[in-house]
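Hello,

Here is the structure I said I would pass on. My notes on what I found follow below it.

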Amino acid sequence: MSSTSTATSNRTLQILAAARDGRYGVAALTCYDAQSVIGAVRAAERCRSPAIIQLFPVTLKYGGGPFLRFCLDAARAASVPISVHLDHATTDEDVDFALTLAEQGIAFDSIMVDASHADTDEENIALTKVHVARATAAGVVVEAELGRLEGGEAGLRVVTDAQLTNPEGALTFLESTGTKILSPSVGNLHGIYLKPPAFRHDILETLRDMCEPRGYFLCLHGTDGLSDELFKECVKNGCTKINLNSWMRDPSIEYLAKAVQDGVPLPDAYDRASDVYAAVAERLMTVLGSAGKA
């Protein structure tokens, strides 16, 4: 599949293009199991909002092709636009597994090739670029990180040496790699903020003004505990894909654990845990401005 046809037919890009044009953000909801996938779809349908279901490589390795197929079927059966994304593929093995599945007909709409651990931007370009042609041929769009976020998430290496994104190198990075979605480092981090976040909105604004006319998109990582106002400011400054993880995960797991202890029948507990997940996602979809847009 050519890069042009991928850009016009890819579900993630269609969702993000509509968000760019409509000036809202799209919730990219991290899912670990069937209950969270069902919760994500419920939230999107109840809000009439587009959404993105995303998995970590550790979840993909656990569930393999059958679980990815379940995610894709749930997304395609929804009454609103939902795509499926692989977040933070940090190793060649992670990327190869996802693209091998794609070539077998079980394809993510998009994947993140995360080479932000590279020592230089040039090395990041080289490590990312090697996967983009294969992904494009399979109809899979690539997201990549320029700069480096501090912190860590499920199954991922912990990073302690954050590096802010240099906007002057961003266009070269995107054009050299063939990446369509850029994840910038602007003071955001993975995990809990021990101090109030101090985002460099000037970097976001510069990247927005550079990316939007050229058909590139910005993704915001590191959103745990952010205020509604900060979410809205990031959307205003060009972030269309907004990654969300512990916001929904923690309350749904807490409910499930308590329900099982209290003797709630397991099918009922799963169902209600999905609703807990959905309720949080619905509130954030409203904050991001995507509710009612699908």
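Ile82 is in contact with Arg11, Ile15, Val41, Ala44, Ala51, Ile53, Ala75 and Arg76, leaving aside its neighbours within four places in sequence. Please keep in mind that this is a predicted model. Ile82 is also one of the residues that touch the most other members of the largest nonpolar core, which has 76 residues; the others named with it are Leu29, Ile53, Phe108, Ile111, Phe231 and Leu244. Helix 11, residues 266–288, gives the most to this core, with 8 residues. Another core, of 13 residues, lies apart from it, and Ala17, Val26, Ala28 and Phe217 are among its members. As background, nonpolar side chains in soluble globular proteins tend to be buried together.

8 strands close into a barrel with parallel pairing, in the order 1-2-3-4-5-7-9-10. On average, neighbouring strands of this sheet are turned by 30 degrees against each other, direction ignored. Helix 2 (residues 11–22) lies across strand 1 (26–30), strand 2 (51–55), strand 3 (82–89), strand 4 (110–113), strand 5, strand 7, strand 9 (217–220) and strand 10 (239–244), and runs at about 100 degrees to strand 3. Helix 11 lies across strand 1, strand 2 and strand 10, at about 155 degrees to strand 1.

Strand 1 is largely enclosed by the rest of the structure, because 5 of its 5 residues are buried. Val26, Ala28 and Thr30 point one way from strand 1, while Ala27 and Leu29 point the other way. In general, side chains in a regular strand alternate between the two faces of the sheet. Strand 1 is joined to strand 10 by 4 bridges, the two running parallel, and Ala28 stands opposite Asn243 there. On strand 2, which also runs parallel to strand 1 and is joined to it by 3 bridges, Gln54 stands opposite Thr30.

What does Asn243 of strand 10 do with its side chain? The side chain of Asn243 makes a polar contact of 3.5 Å with the side chain of Gln54, and another polar contact, of 3.3 Å, joins the side chains of Asn243 and His221. Asn243 counts as buried because its relative accessibility is 6%, and the cut-off for buried is under 20%. Leaving aside neighbours within four places in sequence, the residues in contact with Asn243 are Ala28, Gln54, Asp87, Cys219, Leu220, His221 and Thr223.

Leu146 stands opposite Pro184 of strand 7. Strand 7 and strand 9 are parallel too, joined by 2 bridges, and Leu182 has Leu218 in strand 9 as its bridge partner. From strand 7, Ile181 and Ser183 point one way and Leu182 and Pro184 the other, and all are buried.

Last, the aromatic residues. The structure holds 4 aromatic pairs. The ring centres of Tyr193 and Phe199 are 6.4 Å apart and the ring planes are at 45 degrees, so this pair is tilted. Both Tyr193 and Phe199 are buried.

Regards

Conventions:
Residues are numbered from 1 along each chain as its sequence is written. This is a predicted model: local features need pLDDT of at least 70, side-chain atom pairs count only at pLDDT 80 or more; totals for chains, interfaces and linings use all residues. Side-chain values use heavy atoms; hydrogens and water are left out. A nonpolar core is a set of buried Ala, Val, Leu, Ile, Met, Phe, Trp, Tyr and Cys residues joined through side-chain atoms within 4.5 Å. Buried means under 20% relative accessible area, exposed over 50%, partly exposed in between (1.4 Å probe, protein chains only). Contact means heavy atoms within 4.5 Å. Two strands pair if DSSP finds at least two bridges between them. Axes are lines fitted to C-alpha atoms, for helices over the stretch in contact, and angles run from 0 to 180 degrees between N-to-C directions. Rings of Phe, Tyr and Trp (its six-membered ring) pair if their centres lie within 6.5 Å; planes under 30 degrees apart count as stacked, over 60 as edge-to-face and the rest as tilted. A polar contact is a pair of N or O atoms within 3.5 Å; within protein, one must be able to donate a hydrogen and the other to accept it, and residues adjacent in sequence count only if both atoms are side-chain atoms.
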